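This report describes a chain by its strands, helices and domains. The sequence and the model are shown first.

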Amino acid sequence: MTTSRLPGFHEHDREGRRKRLVDEAGVDPETLEALDRAPEDAVLEEMSENVLGRLTLPIGVATNVVVDGDDVLVPMATEESSVVAAASHAAKTARPHGGFQAEGGRPEMVAQVHLVDVDVDEAQATVEDHADELVAGLRDPEGSMEKRGGGPRELSTHRHDLPEGDSALSVHLVADVRDAMGANYVNELAERLAPRLEDLTGGRALLRILSNLARRRVVRVEATFDREELGGRDVVEDIVTANRIARADTCRAATHNKGVMNGITAVMLATGNDTRAQEAGAHAWAAREGRYQALTRYEVTEEGHLHGRLEVPVQAGVVGGATSSLPSAQAALELMGEPSGPELARIAASVGMAQNVAALRALVAEGIQEGHMRLHAANLARQAGVGSDQIDDVAERMVEADDVSASAARRFAEDLEG
Ligand code: MEV
């Protein structure tokens, strides 16, 4: 990857965009072909049941993204307009300050076994005494996960007093899942662990399943967004105030975090990852202190720029499941330069932060609807065949006339020509 900085990229038609990616960013044309390739029917039949059709969503590419010093073109699948443009724009405002710095995303998943019908205190002591032996009993050095350096790591116990009076013992098994999302692997470990726990404690293993609150996979992102590019010091200060509101007001925090997830989920979807797992984990993390809060924090730097921090668990994999079977998901990873699982997690979280900054900037400045309308008008103008040098003019006239439609795009384009 030479650069993700492609000025004017959005002004081209699809062929023009592909050409620039090949010529300027060194993307393989085969990757771009595969990004648009539908899966075979057999693949769809394997993925789900009673299959009758397939869902098609646009995959766009976020430009301008730099993560840990590397330019990366980020594929995003979403049904919502403005999301890709917004992420690209906010990423551009972070570029003068080095882009996004991200760390974490260790690929460790937790499997839980819940023991019931048991003396919880006694069971807890017994399981703790046998923790090393229980973990060792799950080892499978010939299995593909351990050959790749992953495998079961450690075990802990947690007592839970249940609402109607009795208690359950939750046994947590941590496993390194390497480049996988890891759900199948840790669920299998939980099922293998359960009978051993039952034998040891005399209890009944009621639930044997992973936890989507993937605390171990938390990614921390930081970035500084340029004051001038955001629209000046007032805008920066208003973004910080908007963030303080989201930290105090749960109703607002949910919407604020939805903006973050507009970025993360779109990257997860484009790469065939489990978006529901991701959403569940992120929102549970947002409520980890007992009150649901904003996932991001912003402050004004001494020079008046916007400095942001985001902490969010990301359950991203680059092997297995739909990621391996969908040609477009494979191509999405190729476009990003074949990241590892943790690298993909850090890229997705960075795009989440970009998305959040873009939404907050629009909200405190012109409001979200105007940006949406302008983008929609520009898309219609492009579809109506308006040349790239006239798109902004035509879009402007459509918005001013409060007529954002295909016929208005054609009419204003003819006016300009005439
Ligand atoms: C819309 O998809 C996302 C926003 O509502 C996020 C936010 O309000 O911060 C604009």
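## Strands, helices and domains

Strand E1 (residues 59-62) and strand E4 pair in the antiparallel sense over four bridges. The model is a predicted one, in which local features need pLDDT of at least 70, side-chain atom pairs count only at pLDDT 80 or more, and totals for chains, interfaces and linings use all residues. Residues are numbered from 1 along each chain as its sequence is written, and side-chain values use heavy atoms, with hydrogens and water left out. Helices (H or I, at least four residues) and strands (E, at least two) are DSSP runs numbered from the N terminus; two strands pair if DSSP finds at least two bridges between them.

Buried means under 20% relative accessible area, exposed over 50%, and partly exposed in between, with a 1.4 Å probe and protein chains only.

**Domains.** The domain assignment gives domain 1 (9-104 + 217-366), domain 2 (108-215) and domain 3 (371-417). Such bounds come from an automatic or database domain assignment. The centres of domain 1 and domain 2, taken over C-alpha atoms, are separated by 32 Å. Their contact takes 17 residues from domain 1 and 12 residues from domain 2, where contact means heavy atoms within 4.5 Å.

**The four-stranded sheet.** An open sheet has the strand order E7-E8-E6-E9, with antiparallel pairing. E7 and strand E9 (204-210) stand at the edges, each with a single partner strand, so one side of each has no neighbour in the sheet. On average, neighbouring strands of this sheet are turned by 20° against each other, direction ignored. The pairings are listed below.

| Strand pair | Sense | Bridges |
|---|---|---|
| E7 (residues 151-161) and E8 (residues 167-176) | antiparallel | 10 bridges |
| E6 and E8 | antiparallel | eight bridges |
| E6 (residues 108-116) and E9 | antiparallel | six bridges |

Leu115 stands opposite Ala205 in E9, and its bridge partner in E8 is Leu169. In E8, Ser170 is the bridge partner of His158, and His172 is that of Ser156. E7 and E8 form a hairpin with five residues between them, and Gly165 in the turn has a positive phi of about 120°.

How many of the residues of E8 are buried? The count is 10 of the 10, so E8 is largely enclosed by the rest of the structure. Ser167, Leu169, Val171, Leu173 and Ala175 point one way from E8, while Ala168, Ser170, His172, Val174 and Asp176 point the other way.

Helix H4 (residues 83-94) and helix H15 (residues 341-364) pack at an angle of about 95°, with their axes 8 Å apart. Axes are lines fitted to C-alpha atoms, for helices over the stretch in contact, and angles run from 0 to 180 degrees between N-to-C directions. H4 is therefore roughly perpendicular to H15; angles under 35 degrees count as roughly parallel, over 145 as roughly antiparallel, 65 to 115 as roughly perpendicular and the rest as oblique. H4 contributes Val83, Ala86, Ala87, His89, Ala90 and Ala91 to the contact, and H15 contributes Val351, Ala354, Gln355, Val357, Ala358 and Arg361. These residues divide into nine nonpolar, two polar and one charged. Here Ala, Val, Leu, Ile, Met, Phe, Trp, Tyr, Cys and Pro count as nonpolar, Asp, Glu, Lys and Arg as charged, and the others, Gly among them, as polar.

Seven of the nine residues of helix H14 (residues 327-335) are buried, so H14 is largely enclosed by the rest of the structure. The buried residues are Pro327, Ser328, Ala329, Ala331, Ala332, Leu333 and Leu335. What covers them includes helix H2 (29-35), E1, E4, helix H11 (250-270), helix H13 (321-325) and H15. Just after H14, Gly337 takes a positive phi of about 85°.

Ala242 lies in helix H10 (residues 233-248) and is buried, with a relative accessible area of 15%. Leaving aside its neighbours within four places in sequence, Ala242 is in contact with Leu360 and Val364. Ala242 and Val364 are 122 residues apart in sequence and 7.7 Å apart in space, C-alpha to C-alpha.
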